[in-house]
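This report describes a protein model in terms of its sheet, its salt bridges and a few local features. The sequence and structure come first.

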Amino acid sequence: CTLLFSPQRNFGFHSEQFVVSIVCTNMGAQHANPSVNVRVMYCFSFILQVVYSLAQSQYLDEYIFKVAEGISPHHGNLAVGTLESIAGVTKLLVAFPIGCLVDWRPATRTRLAWVAFGLGCPTFVIGVLAILSGRLWMLTIMQVAFVIFAEFASCLAMAIFTDSLASQSLDQRTAAFANVQVFQNLGMALGSAIYALTLLSFQAPEADAWTGFQTKSALLAGFALLFPVMLSLFTFRAQKDQKESKDLPAEESKPEMTGRAWVPYLVLLALLIFAVAAGMVFKFFPLFFINIYGMSGVQISVVQAIEPLVKACFTYLVGVCAPLVGRAAGASVCMAGVIGCLLGLSEMPGSEEGTHLLPSLALFMFRGSLAQASFALAWAILMDSVPASQRGRWSSSCTVLNMSWSGAAVIAGELLDKHGYQYTFCIAAGLCAVALVVFSPLLLLKLRLPSEAVEVFEVSPNARVNPDLERDSGAAGAAGAANPTANPTANHPGLPGAVEVVVVVDPFSTGGVLVAELLSQGYAVIALWTKESNIRYHDYPKNVDPKQLLAELDEEPTVEATAARLREVVGSGSSLAAVICGGDSGVNTADALSEALDLRSNGMRHGNRRDKLVQQQALQAAGLRFARTVSGTTWGQVAAFAETEEYPLVVKPIESAGADGFRLCHSMDEAREHFDFLNSSDRWCGAQNRGVLLQEFLEETEYIVDHVSCDGVHKTTMLWMYDFQEVNGHRVCIAQRPVPFDDAMAELVAYTRQCLNALGVRNGASHTEVMWTSGGPCLVEVNCRCQGGTGFWVPLCRKMTGYSQVDAVIAAYLRQEAFDAMPTTPTFLMFGDIIHLISYEERLITDAMPGLEAVCGLSSFTDVALNVELGKMMCKTTDWNTLIGVVALCHPDPAVLAAHTCLIRSMETSGSFV
């Protein structure tokens, strides 16, 4: 049986009610629902921490201390430190071999539960014999055996847990990892409470004797819990084996670590010194309260039960406050607090005589909470600063920290035996100060928590702004009103004096999702609407409140004037960090504006990148395969091409997006009719009357290659294939299918990157349509922004690969280290599909959509976007614009995905979906 905590929405704890249930895990299941393994990990972490609290914590240390004192007086601390150091050395020696064993065959990791069982049973037997015998040499063997088992079990559980969690969204992964820490703290508190209750349940005189039968019983109970730990490993379910993606050639796959490659080394060095300081005092604090203040076993158990709860609450508060100052500053403040607590303990009157117990307990708990919070923030900085391909080896550096912790214990034991607690606390405080000095250069960097959200608004009277955004904050508010060019963030009492401001040009469709993500990461956002965009001030996702924007501005008549207006709005107190294109109509403005502001940019040297004729001409000049294309504003300019080119022929606007104005014409008369129509009609996205393009029809299979580029380094975020079928007498795309990267796709990706280079696309997102013809890949068009479709595909990509194009473009512009850490091509963690919903009839929608509720209840359901609504006419599907909508599906089992797709298709043909 596994204890499962099942939140209603995701793996995180929220205000929603959660259900606690006891369920029996199906041992015969071959493939896992990711949430099952996540919950099993919670259970495993909880029970293992209870084991640590009972059988491997300060109670065992005091037991060893008393045993050693009975053999040789005044050497108890040395014995405790020595056994701790032996355990640390053992862990260091076995960590890498265990990691290699667990990674040997990832697809069969769950079978290694039998290895853990084979290690755990002897560990239990040795533990029982060692505790009952009370001999130091047997206790030493017990510690070695326990370390090997615990290291193997923890490594195995974490690997399976990470495999399962990789298919979840970023928020779910963050919540799940945090909850592991929550369950560990709960297990620690419960173990200590159990120990206290065990001692209280005995009324014999020896209830507080640390080597008595009652203490041995509690230690033995801890070792007995190894069996639930081992059994929980058997409840993990195997993940569906995924075909691993292949990488591009080495020269294309190497991340370019620039700028802050030294950050992880600096953080690790600081943590190493900090761990040495922590190792010198942590193990000996219970002994300090026992030997100096004469605390009983019951009292120590109560303290140990309360301490993890205090740590959990304090860490939560630090997490809330950290966005206000940043992770580096938050970690530094916590380190400084640790130093203050240690110095306070060393100078506490009566710290050697046993007086002032309550102040000492308060400093002890506060020190532990600060130390845990500082490590969490520093470790987050480290892991954010290393490439993804190296995170495994960097994670193994925790073993080095544990070794330094354990090695420091033997030194501290000697110091304590010779000089006492005050002297040792001062030495530990000095080492923490050294760690803080080493860590301090990070204060000069803007290392931002992903969840650092900053509320921003506009106070400049010249910008379009909701009146209720103009808040008064005393003298600062008055100054802002008097000076329109003052820092617009200065009037917010909760906002830091300087923030990074990002301009999103035409933030409609996925551009709105980009705005939402930037706001969630703590950046101030300005929405800039261009003259070419026909969308204004409404097309944001539901989770974006326009009031959160710093400002919404219209493009000025010139680039220089627009740049000056942006500088005026941002003011001198904040920095303009990036200009990013949100929608297709903003491509040229974003390039010109970022170049004028001297920010990361593609520049305008290659001309109008939205012009599809310019694109094909650039490919021709670069010697790449291109599509025969002409354009003009009058039929006479394109008539010769129309007369000589084979039909069907593509006729579309020279600038457009989302298949706007696209038509496949099968005769010259049809081509001319559509040409004249486009010349006389308005486009929803882009400048009007720019001309119409005629292009050869590229037959075969059409692919989409999504990239994000940074300083000329191109990284593929997703590959898609359009599935065109005959529907209602028309050629209609019925699905957009994710394609895994393989040798064939390597040629497609390489060609696409050559196209980007030919067009001078060095920075930002690109959504490239490529046709795979009999002569190889050939460009249809490049759209220099994120894929559109309102961004409904973002959750699907995050489930399938762990990130999306939106995440990557933010990293490229604002978090160089995160971009460097991303792979050059995606690796699929799950199977997915985007189903285009087809209508085979024309009718008025009068009833609720019965099929929609059924589809939303599928285990593979990820997202849906509909083009129809109650009370409106539904047309037969003949093109992109007459689709009922789209549904995104994702599942670890391809058979389940195929079955759900067939179900949706049957609903379409029967008319039961709508």
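## The β16–β20 pairing

Leucine 837 stands opposite glycine 885, a residue of β20. The model is a predicted one. Strand β16 spans residues 831-837 and strand β20 spans residues 885-891; the two run antiparallel and are joined by seven bridges.

## The eight-stranded sheet

Strands β16 and β20 belong to an open sheet of eight strands, whose order is β15-β14-β11-β12-β13-β16-β20-β18. The pairing in this sheet is antiparallel. At the edges are β15 (776-783) and β18 (861-866), each of which pairs on one side only. On average, neighbouring strands are turned by 25° against each other, direction ignored.

Two helices can be described against this sheet. Helix α25 (residues 743-758) packs on the sheet and touches β11 (701-710), β12 (713-727), β14 (764-773) and β15. The direction of α25 makes about 55° with that of β11. Helix α27 (residues 805-814) lies across β11, β12 and β14, and runs at about 30° to β11.

Valine 727 is in strand β12. With a relative accessible area of 4%, valine 727 is buried, because the cut-off for a buried residue is under 20%. Leaving aside residues up to four places away in sequence, valine 727 touches Val732, Ile734, Ile838, Tyr840 and Thr877. Serine 839 is 112 residues away from valine 727 along the chain, yet their C-alpha atoms are separated by 9.2 Å.

## Salt bridges

The count of salt bridges comes to 18. One of them pairs aspartate 584 with arginine 610, with 2.8 Å between the closest N and O atoms. Aspartate 584 sits in the loop between β6 (575-581) and α21 (587-596), and arginine 610 in the loop between α21 and α22 (612-621), so the pair ties together parts that are 26 residues apart in sequence. Both aspartate 584 and arginine 610 are buried.

A further salt bridge joins the side chains of arginine 628 and glutamate 645, at 2.6 Å from N to O. Here too distant parts of the chain are linked: arginine 628 is in the loop between α22 and β7 (629-632), and glutamate 645, 17 residues apart from it, is in the loop between α23 (639-644) and β8 (649-653). Arginine 628 is partly exposed, at 42% relative accessible area, whereas glutamate 645 is buried, at 11%. Arginine 663 and glutamate 670 also meet through their side chains in a salt bridge, at 3.2 Å from N to O. Arginine 663 is partly exposed at 33% relative accessibility, while glutamate 670 counts as buried at 18%. Through shared partners, salt bridges join Glu532, Asp584, Arg610 and Arg785 into one network.

## Backbone features

Tyrosine 647 and proline 648 are joined by a cis peptide bond with an omega of about 10°. Proline 648 lies in the loop between α23 and β8, the loop that also holds glutamate 645.

Serine 509 is not a glycine, yet has a positive phi of about 55°. Serine 509 is placed in the loop between β3 (500-505) and α19 (510-520) and is buried, with a relative accessible area of 19%. Aspartate 711, likewise not a glycine, has a positive phi of about 55°. Aspartate 711 is found in the loop between β11 and β12 and counts as partly exposed, at 39% relative accessibility.

## Surface and overall figures

Leu101, Trp104 and Val115 make a nonpolar surface patch of about 300 Å². Valine 115 lies in helix α4 (residues 113-133) and is partly exposed, at 34% relative accessibility.

The protein has 30 helices and 20 strands. Of its 914 residues, 56% are buried. The accessible surface comes to about 36900 Å², with 59% of this belonging to carbon and sulfur atoms. Among contacts between residues at least 6 apart in sequence, 75% join residues at least 24 apart.

Definitions and conventions:
Residues are numbered from 1 along each chain as its sequence is written. This is a predicted model: local features need pLDDT of at least 70, side-chain atom pairs count only at pLDDT 80 or more; totals for chains, interfaces and linings use all residues. Side-chain values use heavy atoms; hydrogens and water are left out. A salt bridge is a side-chain nitrogen of Lys or Arg within 4 Å of a carboxyl oxygen of Asp or Glu. Helices (H or I, at least four residues) and strands (E, at least two) are DSSP runs, numbered from the N terminus. Buried means under 20% relative accessible area, exposed over 50%, partly exposed in between (1.4 Å probe, protein chains only). Patches are made of residues with over 30% relative accessible area and no salt bridge: like charges are joined within 9 Å, nonpolar side chains (Val, Leu, Ile, Met, Phe, Trp, Tyr) within 5 Å. Accessible areas come from the Shrake-Rupley method with a 1.4 Å probe; for residues, only the protein chains shown count as cover. Two strands pair if DSSP finds at least two bridges between them. Axes are lines fitted to C-alpha atoms, for helices over the stretch in contact, and angles run from 0 to 180 degrees between N-to-C directions. Contact means heavy atoms within 4.5 Å.
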